[in-house]
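Please keep the model in view and look up each element as it comes up.

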Protein chains: 2
Amino acid sequence: MRQAGRYLPEYQETRKKAGGFLDLCKNRELACEVTLQPLRRFDLDAAIIFSDILTIPDAMGLGLSFGEGEGPKIERPVRSESDIEKLFVPDPSDKLRYVIDTVSLIRSELDGKVPLIGFSGSPWTLATYIVEGGSSKDYHYVKGMMYENPGALHRLLDILAQSVVAYLNAQIEAGAQAVMIFDTWGGVLSPQTYHSFSLDYMRQILSGLRREYEGQTIPVILFTKGGAQWIESIADSGCDAVGLDWTIDIDEAKRRIGDRVALQGNLDPCLLYASPETIREAARDVISRFGPGPGHVFNLGHGIHQTVDPERLEILVDAVHEFGRDIRE
Amino acid sequence: MRQAGRYLPEYQETRKKAGGFLDLCKNRELACEVTLQPLRRFDLDAAIIFSDILTIPDAMGLGLSFGEGEGPKIERPVRSESDIEKLFVPDPSDKLRYVIDTVSLIRSELDGKVPLIGFSGSPWTLATYIVEGGSSKDYHYVKGMMYENPGALHRLLDILAQSVVAYLNAQIEAGAQAVMIFDTWGGVLSPQTYHSFSLDYMRQILSGLRREYEGQTIPVILFTKGGAQWIESIADSGCDAVGLDWTIDIDEAKRRIGDRVALQGNLDPCLLYASPETIREAARDVISRFGPGPGHVFNLGHGIHQTVDPERLEILVDAVHEFGRDIRE
């Protein structure tokens, strides 16, 4: 999940230099700088590029903005068949060039110290923002389209899946050594609609991605927030790892999925508001629930909050290494 | 779930007469009027009192308001042990008198035509609003308290559980023939914290409620939005019915729970944006998944949206009766 962010004073300073949030994403040097900041503070095992899931809708010309203290806003939401007809798959070497260049720059700056993870939003999650015009409480427009005109939504999702394939492949070719697909809003769907409007398009992406590049395997992690009920299908999608939020215990997930894929997760980010001892206990609990053996990527169950004290994250990172070593021994 | 609301023009008119939303809740005659409005339009099998889940925090003197087009706001959020020490269990015959009187009035106006359902928010859900000061995206304060000072949160939840018992018993004595507990935010918890910070307090309520009144059984329905993973424990809590959102198929719920409790649900409210034929199909699907036999209360998986066309709801209600009859025959 997101490593850089407003909880770090050095991030706040760099962001000020850039202007707004989107300016920061689009400034290669500064986006690289904020990507590296958490790695200077914490003993992390991987870097994740600093970017936003809405770069694709932005590259489609839909007009993306972030008001101060507000969520994202899409100026020209896509609500009709004719809106969808006008959409195109953005060429990553054109309007998404800034992300690709940032990936190259970070990879080169990392100099092999830790691997670099790229990411994208899932087609369904991107569609929620594109159709709603921003964040939503009830998904009125996008679910309205899903139930009233499913064919139109399928066309939109297909364009988005193609866009994600091109985008992630470009990230891989620029140096991303693993990629993650964030399906932040898959959990608001019913079992049937989750499978046909979200997971099927993540499958489509999986079959289009470069799973090997320059002789190295490129693992793909799928994460559906609120998707604990469907982890078996997610694990069967062809991905290499399943991201877990905190609503399922990792031992239960392992029992249900077996070891055919790795598991990533799954500490509630709110645990970072607790005392050092509680944080350490919680890390130990997740690690011991997973147990010994390979295939566990320790992670928060969602992005880190802006109000977290960075020292608490340091306690967590160190505890993960300590208990991780213990359990391997 | 909520039957009355902004999707009905007659509701909008009555609300204007009352002033704000909270004024409407507190005006017995007008709250009774809006409760009855959906029953005049649709062939419904039960009435649910028009009220809000935040009447208890309001009666605790925490200062509740609803800005136009905004969510609820608690003026004096409860964030410390000393804030919690000051709280008390509101006497339903005092500051909640208006709800109790409204229940009596509705019951008398219904004149036995359909049963009347009362309700309350769950202790955990009430605590989220009380501690956050309103709605929340990340539950920073309340989960912070949960992890940092669990004893304090347990004291708060205990006071809330006692308050809900007194409040629902007063509704039952005033004429509510079934009661529902809305745990709108239980689904943001982890398995362990759901059980100890939400379900345990709903259990406490269940053991304090009048389950029989004037020779009649008073069924209690528990509903945790996003709680599909935990329906077995919910069904084992001692409730009479489990409310389901749309993230689980009702046949799967029945398979997991058996017939020891009734099931309520579970159509995605967004289906009311679809065409009449799709709405009918969806109703038929839920009913046939449940199958013949008693113990199914057809319902939406959450409250009706304000932008729904009332005619669509009429199509749904009529379809439920038609297919309900079919499957019983």
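1. Leu222(B) stands opposite Val242(B), which belongs to strand 9 of chain B. The two strands concerned, strand 8 (residues 220-224) and strand 9 (residues 241-243) of chain B, pair in the parallel sense over three bridges, where pairing requires that DSSP finds at least two bridges between two strands. Strands here are DSSP runs of E with at least two residues, and helices are runs of H or I with at least four, both numbered from the N terminus.

2. Before going further, note that this is a predicted model, in which local features need pLDDT of at least 70 and side-chain atom pairs count only at pLDDT 80 or more, while totals for chains, interfaces and linings use all residues. Residues are numbered from 1 along each chain as its sequence is written, and chains are lettered from A and ligands numbered from 1 in the order in which they are written.

3. Which order do the strands of the open sheet in chain B follow? The sheet has seven strands in the order 1-4-5-8-9-10-11, with parallel pairing. Strand 1 (47-48) and strand 11 (296-300) of chain B are at the edges and have a single partner strand each, so one side of each is left without a neighbour in the sheet. Helix 9 (residues 150-174) of chain B packs on this sheet, where it touches strand 4 (116-121) and strand 5 (178-183).

4. Helix 1 (residues 9-18) and helix 3 (residues 28-41) of chain B pack at an angle of about 175°, with their axes 10 Å apart; the axes are lines fitted to C-alpha atoms over the stretch in contact, and angles run from 0 to 180 degrees between N-to-C directions. Helix 1 and helix 3 of chain B are therefore roughly antiparallel to each other, a term used for angles over 145 degrees. Among the residues that meet are Tyr11(B) and Thr14(B) of helix 1 and Leu30(B) and Val34(B) of helix 3, contact being counted when C-beta atoms, placed from the backbone, lie within 7 Å.

5. How are the two chains related? A rotation of 180° with 0.0 Å of shift along its axis superposes chain B on chain A, with an RMSD of 0.0 Å, using least squares on the C-alpha atoms of residues with pLDDT of at least 70 in both copies. That is the relation of a two-fold axis.

6. In the contact between the chains, 25 residues of chain B touch 25 residues of chain A. Helix 8 (residues 140-148) of chain B gives the largest share of chain B's side, five residues.

Technical notes
Parallel < 35°, antiparallel > 145°, perpendicular 65-115°, else oblique. Contact = placed C-beta atoms within 7 Å.
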